[in-house]
Amino acid sequence: MSHEIRTPMNAILGFSEILLSRVKDPKIIKPLKTISSSGNSLLRLINDILDLSKIEAGKFDIQYSQVNLKTVFQDITNIFQHKLQERRLDFILDIQKDIPESLLMDGTRLRQVLTNLVGNSVKFTDEGYIKLAVNYKYSNSNKGLLNLKIRVEDSGIGIPVKDQKTIFEAFTQVAGQKNEQFGGTGLGLSITKRLIEAMNGTINLESEVGKGSTFNIELKNVEILSPGAVTKEAADFIQDSIKFKPAKIVIADDIEYNRDLIKLFFDNSDFEIFEAENGADAVEQVRKHKPDILLLDLKMPVMNGYEAAKIIRADENLKKIKIVVLTASAMKEDEPAIRKIGDSYLKKPVTKSSIIQEFMKYLPYETVGLVESKKITDEKLVAQINTDVLPLIDELIKKQSIRKLEDLAQICLKLSTSFKNDILTDFSKQVSAALECYNLDELEKLVSNFKEMI
Ligand code: ADP
């Protein structure tokens with residue numbers, strides 16, 4: 001549905017913009033501006049509704065990755081800086097000292113939530129201040145986790161007690177507010193609440209009319225990532241350029257999916273991989289294959305990882321085998337015990353680059369030159385273009401279809417991001433731009449030149 005609604009909106013907005021830049025007659029400019037601003041409000045409403053229905057249908061995922069809270073807060077500050085200055089509001093950013101920099105969160109959704117809340121504060125505050133604060137406490141049970149409290153506070157018009165519950169429902173605004181004055185759809189807070197709940201959190205409101213409002217968010221058990229976690233670029237580099245010599249690996253994990261994942265990581269390697277479903281099985285596989293490395297999960301049925309490691313360590317023939325422990329536990333208290341049995345350990349969920357970094361300590365490898373690694377990536381990209389893009393191009397040469405053209409722009413954009421390819425980025429931008437103003441001649445040209453360009 002999103003596609004069907006957004007396509008005509010693109011035309012409405014695109015053409016009013018084009019006309020606005022060409023028309024000189026003030027009598028026409030005014031209604032055109034109204035079309036354009038109403039179109040923009042409508043698009044915002046549509047986006048909100050689509051977002052909400054996606055959340056309600058359970059059709060969206062929280063995507064966890066490394067997030068630096070300070071960066072997120074600074075970004076939010078930057079977004080609103082201009083508006084705040086314009087309205088002469090003070091902005092206070094209060095981040096608790098020494099907050100761990102690297103957390104496992106959904107950065108995009110967190111930004112969306114904060115943009116909504118700070119945006120509202122700016123909208124409903126005429127004078128005074130807006131404060132964005134965050135503090136944290138380590139979780140009692142586990143020092144690898146923390147509880148975050150984020151507060152968005154303003155000295156604005158406030159929200160009457162009777163409305164304080166209902167404003168989290170869709171399409172609800174405080175009665176008596178003039179929509180022309182404040183704008184908005186009444187969807188922001190319901191989306192915000194649902195997003196926070198999806199992230200395992202809660203939101204509540206304290207407010208007094210005429211004094212201001214404070215929205216409190218609490219996110220429990222946010223995982224702290226180790227400070228040594230490598231940047232995305234470094235991780236990409238490690239993944240692309242390290243090539244291990246042939247080696248034997250045993251993976252011991254009771255969950256098949258976990259084993260599959262690691263096998264998949266090393267799909268293209270010269271590793272010989274053997275699997276074990278529990279500790280006893282692991283000991284057996286290790287005796288049989290004498291691997292270079294045993295990847296050992298701790299919590300397993302029949303025999304756990306600790307016992308398996310003890311048996312292996314006690315065996316003269318197996319002593320030299322390196323054990324890399326995989327643990328879901330982030331408890332500091334467990335560390336000494338884990339260190340005793342393993343040569344090193346990795347916290348779950350493991351990434352490909354973190355496993356590679358561990359393996360680099362124990363296995364011989366060579367660094368494939370960047371040129372060669374680029375060649376390998378280029379080959380992969382060409383293969384993807386052959387299967388995903390060229391059939392679409394052939395179809396489009398025969399018959400233009402707006403929907404297929406949009407698919408084309410999407411696929412090219414996806415490929416260009418995963419392969420970091422500028423030519424494809426440009427191409428997909430050109431297709432999108434031409435689609436936006438229905439420039440059919442240009443689209444035809446782009447499609448027919450694609451093969452040559454590639
Ligand atoms: P809208 O798009 O209308 O802002 P929201 O769901 O974000 O939708 O907010 C719903 C209503 O809650 C707003 O219309 C306003 O009446 C009230 N509200 C939200 N945030 C504040 C705030 N910081 N101060 C005063 N009123 C607020």
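A surface patch, as used here, is made of residues with over 30% relative accessible area and no salt bridge, with nonpolar side chains joined within 5 Å. The structure is a predicted model.

In this model, a nonpolar patch of that kind is formed on the surface by I423, M453 and I454, which together have about 270 Å² of accessible area. One of these residues, I454, is placed in the segment after α16 (440-453). I454 counts as partly exposed because its relative accessibility is 48%, and partly exposed covers the range between under 20% for buried and over 50% for exposed.

For N221 the angle is about 55°, and for V302 the angle is about 65°. N221 belongs to strand β7 (residues 212-224), whereas V302 sits in the loop between β11 (293-297) and α10 (305-314). The table gives their accessibility.

| Residue | Relative accessible area | Class |
|---|---|---|
| N221 | 45% | partly exposed |
| V302 | 73% | exposed |

The remaining feature is a helix pair. Two packed helices are described by the angle between their axes and the distance between the axes. Helix α3 (residues 69-86) packs with helix α4 (residues 107-123) at an angle of about 30°, and the axes lie 10 Å apart. The crossing of α3 and α4 is right-handed. On the α3 side, the contact is made by L69, T71, V72, F73, D75, I76, F80, K83 and L84. On the α4 side, L110, R111, L114, T115, V118, G119 and V122 make the contact.

Definitions and conventions:
Residues numbered from 1 in each chain as written. Predicted model: local features only at pLDDT ≥ 70, side-chain atom pairs only at ≥ 80, totals over all residues. Heavy atoms only, no water. Patch = residues over 30% accessible without salt bridge, like charges linked within 9 Å, V, L, I, M, F, W, Y side chains within 5 Å. Areas by Shrake-Rupley, 256 points an atom, 1.4 Å probe, with all protein chains shown as cover. Salt bridge = Lys/Arg side-chain N within 4 Å of Asp/Glu carboxyl O. Helix = DSSP H or I, 4+ residues; strand = E, 2+ residues; numbered from the N terminus. Buried < 20%, exposed > 50% of the residue type's maximum accessible area, 1.4 Å probe, protein only. Axes fitted to C-alpha atoms, helices over the stretch in contact; angles between N-to-C directions. Left-handed = near helix turned anticlockwise from the far one by under 90°. Contact = heavy atoms within 4.5 Å.
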